[in-house]
Amino acid sequence: MSKKKGLSAEEKRARMMEIFFETKDVFQLKDMEKIAPKEKGITAMSVKDVLQSLVDDGMVDCERIGTSNYYWAFPSKALHARKRKLEVLESQLSEGNQKHANLQKSIEKAKIGRHETVKQIK
């Protein structure tokens, strides 16, 4: 008899995102609780927690219309989020490189006119 190994939280999140990206549709919580166990093997009990964590991280959008909450995520939004993150990281890298170059120049200026001394330890 083999024991079924449960999915980690990250695996559940990735599989939940696959549902949204593959269907490109809008869901209610009860729909996700039916679909996720059948298609992706996510237990029905953890669907709400996984979905809420995705909403909290901004990966899935949620809107309350009337008395119902609707959830959706489209691949284009994820692509734009990755592009924005890449641009931010590239700008931070260029700022860091500029700061490094400025510090190197100031070190060279500080070395001018100084002599290195050799300390003797007795």
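The model is predicted, so local features need pLDDT of at least 70 and side-chain atom pairs count only at pLDDT 80 or more, while totals for chains, interfaces and linings use all residues. Residues are numbered from 1 along each chain as its sequence is written, and side-chain values use heavy atoms, with hydrogens and water left out.

**Helix packing**

Helices here are DSSP runs (H or I, at least four residues), numbered from the N terminus. Axes are lines fitted to C-alpha atoms over the stretch in contact, with angles from 0 to 180 degrees between N-to-C directions.

| Helix pair | Axis separation | Angle |
|---|---|---|
| H1 (residues 9-23) and H3 (residues 47-56) | within 10 Å | roughly 80° |
| H1 and H2 (residues 29-40) | 10 Å | about 105° |

So H1 lies roughly perpendicular to H2, and H1 and H3 are therefore roughly perpendicular too; that label covers angles of 65 to 115 degrees.

Who touches whom? Contact means heavy atoms within 4.5 Å. From H1, the residues Lys12, Arg13, Met16, Met17 and Phe20 meet Val47, Val50, Leu51, Ser53 and Leu54 of H3. Sorted by class, that makes seven nonpolar, one polar and two charged residues. (Ala, Val, Leu, Ile, Met, Phe, Trp, Tyr, Cys and Pro count as nonpolar, Asp, Glu, Lys and Arg as charged, and the others, Gly among them, as polar.)

On the H2 side, Arg15, Met16, Glu18, Ile19, Phe20 and Glu22 of H1 meet Met32, Ile35, Ala36 and Lys40. This contact has six nonpolar, no polar and four charged residues.

**Domains and pocket**

The chain splits into domain 1 (9-73) and domain 2 (75-121), with bounds from an automatic or database domain assignment. Their centres, taken over C-alpha atoms, are 41 Å apart.

The lining of the largest pocket takes at least three residues from each domain. Residues in that lining include Met17, Phe21, Asp57, Phe74, Lys77 and Arg82. H4 gives the largest share, four residues. Overall, the lining has seven nonpolar, one polar and three charged residues.

Definitions and conventions
Helices (H or I, at least four residues) and strands (E, at least two) are DSSP runs, numbered from the N terminus. Angles under 35 degrees count as roughly parallel, over 145 as roughly antiparallel, 65 to 115 as roughly perpendicular and the rest as oblique. On a 1 Å grid over the protein atoms alone, a cavity is a set of points where a 1.4 Å probe fits but cannot get out, and a pocket is an open set with protein on both sides within 12 Å along at least five of seven lines; lining residues have an atom within 4 Å of a point.
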